[in-house]
Amino acid sequence: MFPPSATAWTRLASASEALHAAIRREFAAGGRVLHVCLRDVLFPERAEAMHQALRAASFVRHHHGAYALHIAPLDQQAPSALTDFCAWLKSDDGAAFHAALVGWPQPLETRQVQVSRMEVGEHFPEHRDTDEEGLAVVYNFTRPWEDRFGGVLTFRHPEADADLMRVPPLFNSVFIFRARGAPHRVTEWTSAAQGHQRYSVTAFILAKR
């Protein structure tokens, strides 16, 4: 069902069919924004290697001035667990794995992989990722994380002055959601998190052209 390369990264590739079916059901029942959030996704040694590689990676300010965060251009990084993981996310296997994981009905391809870091005072203002069909896949490698740190991915309720959904950046978790027309933002990484950073790797896996 899953590409063999996925077994090098995640336990989910060899999990039971019962668990796979439960993941697909949870995604399909996600409400206004189809989604699923999973914990302890990568093998522990892989997640630890990712955290260390992110701490050592070279980051620059986001090229869009309104986006107050840092990104790591992949073509400027030394070979590491981070570059290996992003190469897998970009591959046909990476796209096929995530599509199969949530039961997405059409073939998908990875269009972009973005590695981001937030420092104290940074945030990601509300935006929509795309008007195309497909998935946004957000892997979190933030450690430690406490509620007072902020850095929460939030989705605005379209009919009320409230959040529809709030997703904390828990270490070694993945949040997968239908990317099309879903306004969301990341709250400020607060002064309570001084000395710590928020790390994430996001893949946009959209309908094949």
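Modeller: First, a term: a nonpolar core is a set of buried Ala, Val, Leu, Ile, Met, Phe, Trp, Tyr and Cys residues joined through side-chain atoms within 4.5 Å. Also, this is a predicted model.

Colleague: Fine. How many residues are in the largest nonpolar core?

Modeller: The largest nonpolar core has 44 residues. Those with the most contacts inside it are Leu42, Leu82, Phe85, Phe97, Tyr139, Phe141 and Val201.

Colleague: What lies apart from it?

Modeller: Another core, of 23 residues, lies apart from the largest one. Phe124, Trp145, Phe175 and Ala179 are among its residues.

Colleague: Back to Phe97. What is Phe97 in contact with, leaving aside its neighbours within four places in sequence?

Modeller: Phe2, Pro3, Ala6, Thr10, Leu12, Ala13, Trp88 and Tyr139. Phe97 is also one of the buried residues of helix H4.

Colleague: How many residues of H4 are buried?

Modeller: Eight of the eleven, over residues 92–102, so H4 is largely enclosed by the rest of the structure. Besides Phe97, the buried ones include His98, Leu101 and Val102.

Colleague: And what follows H4?

Modeller: Gly103, which has a positive phi, near 75°.

Colleague: New topic: aromatic rings. How many aromatic pairs are there in the whole structure?

Modeller: A search finds 15. One of them is Phe59 with Tyr199, a tilted pair with 6.1 Å centre to centre and 40° between the planes.

Colleague: Where in the chain are those two?

Modeller: In distant parts, 140 residues apart. Phe59 is in the loop between helix H2 and strand E2, while Tyr199 is in strand E11.

Colleague: Buried or exposed, Phe59 and Tyr199?

Modeller: Both Phe59 and Tyr199 are buried. Another pair is Phe85 with Phe141, which is edge-to-face: 6.3 Å centre to centre and 85° between the planes. That pair also links distant parts of the chain, with Phe85 in helix H3 and Phe141 in the loop between strands E6 and E7, 56 residues apart.

Colleague: Why does Phe85 count as buried?

Modeller: Because its relative accessible area is 0%, and buried means under 20%. Phe141 counts as buried too, at 0% relative accessibility.

Colleague: What lies over the face of Trp9?

Modeller: Arg46, at 3.8 Å from the ring centre. Over the ring of Phe171 sits the charged end of Arg143, 4.4 Å from the centre of that ring.

Key:
Residues are numbered from 1 along each chain as its sequence is written. This is a predicted model: local features need pLDDT of at least 70, side-chain atom pairs count only at pLDDT 80 or more; totals for chains, interfaces and linings use all residues. Side-chain values use heavy atoms; hydrogens and water are left out. Rings of Phe, Tyr and Trp (its six-membered ring) pair if their centres lie within 6.5 Å; planes under 30 degrees apart count as stacked, over 60 as edge-to-face and the rest as tilted. Helices (H or I, at least four residues) and strands (E, at least two) are DSSP runs, numbered from the N terminus. Buried means under 20% relative accessible area, exposed over 50%, partly exposed in between (1.4 Å probe, protein chains only). A charge sits over a ring if NZ of Lys or CZ of Arg is within 6 Å of the ring centre and within 35 degrees of the ring normal. Contact means heavy atoms within 4.5 Å.
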